[in-house]
Amino acid sequence: MSYTSEELDAMADRGELKPAPGTAVYRDPGAPALKDKELMGIFAGRPREEEQRPVNVELRVKVTPTMKDPLKRIAREENLHNSSALVHSVLADFIRNRAKKAYKAF
């Protein structure tokens, strides 16, 4: 069965939508709506189905044991779905800032 966005919105307002088993909810039900930056963080790196582009390259990142829990906590605070999304976001910001500095050097 499929629903229109209006039907889904009404169902959500009535509290009829429940998380799928095995998934996690990181926000309070009464939390304010997500802002564009927050939504972009959630969906960062996820190409649209109709876009024809190469598959992302996977990089493995190791962190110290003392970094693991703070990394997860910060990811939740930033409304990112996992610590990998946080690493992706931070790395993207670093690369953008580095590129700006390199451009100013000329």
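Before anything else, one definition: helices here are DSSP runs of H or I, at least four residues long, numbered from the N terminus. With that in hand, take helix H4, residues 83-104. Arginine 96 and aspartate 93 are three residues apart in helix H4, so about one helical turn separates them. We will come back to that pair.

Keep in mind that this is a predicted model.

Now the overall picture. The protein has four helices and zero strands. Reading from the N terminus, the order is α-α-α-α. There are 106 residues in the protein, and 8% of them count as buried. The exposed surface comes to about 9,900 Å². Carbon and sulfur atoms supply 58% of that surface. What about contacts along the chain? Take the contacts with a separation of 6 or more: 41% of them join residues 24 or more positions apart.

On to charges. Side chains of opposite charge can pair when their charged atoms come close. How many salt bridges does the structure hold? Three. Let's go through them.

Start with the pair from the opening. The side chains of arginine 96 and aspartate 93 meet in a salt bridge, at 2.3 Å from N to O. Arginine 96 has a relative accessibility of 46%, so it counts as partly exposed. Aspartate 93 is partly exposed too, at 35%.

Next, helix H3, residues 65-77. Here arginine 73 forms a salt bridge with glutamate 77. The closest N and O atoms are 3.0 Å apart. Both residues lie in H3, four residues apart, which is about one turn of the helix. Arginine 73 has a relative accessible area of 39%, so it is partly exposed.

Then the pair of arginine 14 and glutamate 16. These two form a salt bridge, with the closest N and O atoms 2.6 Å apart. Arginine 14 counts as exposed because its relative accessibility is 52%, and the cut-off for exposed is over 50%. Glutamate 16, at 42%, is partly exposed.

Now the surface patches. Begin with helix H1, residues 5-13. Which residues gather in the patch of negative charge? Glu6, Glu7, Asp9 and Asp13. Glutamate 7 is found in helix H1. With a relative accessible area of 39%, glutamate 7 is partly exposed.

There is a nonpolar patch as well. Met1, Tyr3, Leu8 and Leu17 make it up. Its area is about 460 Å². Leucine 8 has its place in helix H1. At 35% relative accessibility, leucine 8 counts as partly exposed.

One last stop: asparagine 79. Where does asparagine 79 lie? In the loop between H3 and H4. Now look at the backbone. Most residues other than glycine have a negative phi. Asparagine 79 is not a glycine, yet its phi is positive, about 60°. Is asparagine 79 buried or exposed? Buried: its relative accessible area is 13%, and buried means under 20%.

To recap. We have four helices and zero strands. We have three salt bridges.

How values were computed: Residues numbered from 1 in each chain as written. Predicted model: local features only at pLDDT ≥ 70, side-chain atom pairs only at ≥ 80, totals over all residues. Heavy atoms only, no water. Patch = residues over 30% accessible without salt bridge, like charges linked within 9 Å, V, L, I, M, F, W, Y side chains within 5 Å. Areas by Shrake-Rupley, 256 points an atom, 1.4 Å probe, with all protein chains shown as cover. Salt bridge = Lys/Arg side-chain N within 4 Å of Asp/Glu carboxyl O. Helix = DSSP H or I, 4+ residues; strand = E, 2+ residues; numbered from the N terminus. Buried < 20%, exposed > 50% of the residue type's maximum accessible area, 1.4 Å probe, protein only. Contact = heavy atoms within 4.5 Å. Lys, Arg positive; Asp, Glu negative; His and termini not counted. Charge placed at Lys NZ, Arg CZ, Asp CG, Glu CD.
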